Amino acid sequence: MLQTAERAPASSWLDRALARFAASNADLAPRTRALLDVIVAEPQRHARMLNTLSLLEHMGSHKIMATQHSTAIDQATLKHVAEEAHHAFFMKRQAEKTAERALEYVEGDLLARSSARMYFQRLEAATVRALGEKRSARAAYLYMSMIVEFRALWFYGLYEQALKRARHAMSLKRVLGEEQAHLGDMAQRLEAGNELDAARAADVFTAERKLYSRLLGALERAAASPPGHS
């Protein structure tokens, strides 16, 4: 079992971690806002971004199902996978509504497809490395989910602001509420199992920031290319 580096309650650690996450990503926020403004303004590209978010949510729900299938699986985990699958459905439905056609998880229907898939896969590898050989399958799942929720909450918050600026009818309030709940749940479950390690979490945050920066660059290039070439 991992040793706890900070003995403060999970809620206290989470508040500080959220503040540190915002500070460490401050330079990426203007770029992300600008990207979202450009994408939301162009329906077909917006549809492809929504479909890409659907893909990422689908990958997350699939990863939970693939790794958390023991007889001891609890309600919290089942709720988590159900809500992640619903997020994938929500984004897909919004994408197809925006595109006015059916979309698939293929190159022409996504933005920066390879980079999006690589972000998720490399983040999983970084999480496993940070936890070390003594990691449990449960800890790996909780840490990976927690780090993803930090980014999701940050990104969807900026996305909601972009939608409001554009006076777009779509709202992410429910998604944001569920991501916030997931984040708190992951931290509490790690703390309850004496597996909430601030040093290891910091290592994964550092790796994730680099991976998101790469993904952001790929999305910026896709948004800047002529329609049909991104």
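I count a charge as sitting over a ring if NZ of Lys or CZ of Arg is within 6 Å of the ring centre and within 35 degrees of the ring normal. With that rule I looked up Arg151. The charged end of Arg151 sits over the ring of Tyr212, 4.0 Å from its centre. Arg151 also lies over the face of Trp154, at 4.7 Å from the ring centre.

**Ground rules**

The model is predicted, so I take local features only at pLDDT of at least 70 and side-chain atom pairs only at pLDDT 80 or more, while totals for chains, interfaces and linings use all residues. Residues are numbered from 1 along each chain as its sequence is written, and side-chain values use heavy atoms, with hydrogens and water left out.

**Aromatic rings**

A pair of aromatic rings is described by the distance of the centres and the angle of the planes. Rings of Phe, Tyr and Trp (its six-membered ring) pair if their centres lie within 6.5 Å; planes under 30 degrees apart are stacked, over 60 edge-to-face, and the rest tilted. I searched the whole structure and found seven aromatic pairs. One of them joins Trp13 and Phe150, edge-to-face, with 6.4 Å centre to centre and 80° between the planes. Trp13 lies in helix 1 (residues 10-24) and Phe150 in helix 6, so this pair ties together parts that are 137 residues apart in sequence. For helices I use DSSP runs (H or I, at least four residues; strands are E, at least two), numbered from the N terminus.

Are Trp13 and Phe150 buried or exposed? I call a residue buried under 20% relative accessible area, exposed over 50%, and partly exposed in between (1.4 Å probe, protein chains only). Trp13 is buried at 2% relative accessibility, and Phe150 is buried at 1%.

I then looked up Phe155 and Tyr156, which form an edge-to-face pair, 6.1 Å centre to centre with 65° between the planes. Phe155 is buried at 8% relative accessibility, and Tyr156 is buried at 4%. I also noted one aromatic cluster formed by Trp13, Phe21, Phe150 and Phe205.

**Largest pocket**

Rolling a probe the size of a water molecule over the atoms shows where empty space is left. On a 1 Å grid over the protein atoms alone, a cavity is a set of points where a 1.4 Å probe fits but cannot get out; a pocket is an open set with protein on both sides within 12 Å along at least five of seven lines, and lining residues have an atom within 4 Å of a point. Grid points are joined across faces, edges and corners, and a volume is the space filled by probe spheres set on the points.

I read about 620 Å³ of space in the largest pocket. Its lining has 32 residues, and the closest to its centre are Leu56, Tyr119, Phe120, Met144 and Val148. Which helix gives the largest share of the lining? Helix 6 does, with 11 residues. Helix 3 (43-67), helix 4 (75-99), helix 5 (113-131), helix 6 (137-165) and helix 8 (198-224) each supply at least two residues. I sorted the lining into 18 nonpolar, seven polar and seven charged residues. Here Ala, Val, Leu, Ile, Met, Phe, Trp, Tyr, Cys and Pro count as nonpolar, Asp, Glu, Lys and Arg as charged, and the others, Gly among them, as polar.

**Helix lengths and what follows**

The expected span of a helix is 1.5 Å times one less than its number of residues. Helix 4 has 25 residues and reaches 36 Å from its first C-alpha to its last, close to the 36 Å expected. The 20 residues of helix 7 (residues 173-192) should span 28 Å, and its end C-alpha atoms are 29 Å apart, which agrees. Among the buried residues of helix 7 I list His182, Met186 and Arg189.

Most residues other than glycine have a negative phi, and most peptide bonds are trans. I looked for positive values. Glu100, which follows helix 4, has a phi near 60°, and Glu100 is exposed at 72% relative accessible area. Arg167 has a positive phi of about 55°; Arg167 lies in the loop between helix 6 and helix 7 and is exposed at 79%. Just after helix 7, Asn194 takes a positive phi of about 60°.

**Contacts across the chain**

Leu163 is in helix 6 and is buried at 1%. Leu215 lies in helix 8 and is buried at 8%. The C-alpha atoms of Leu215 and Ala116, 99 residues apart along the chain, are separated by 6.4 Å.
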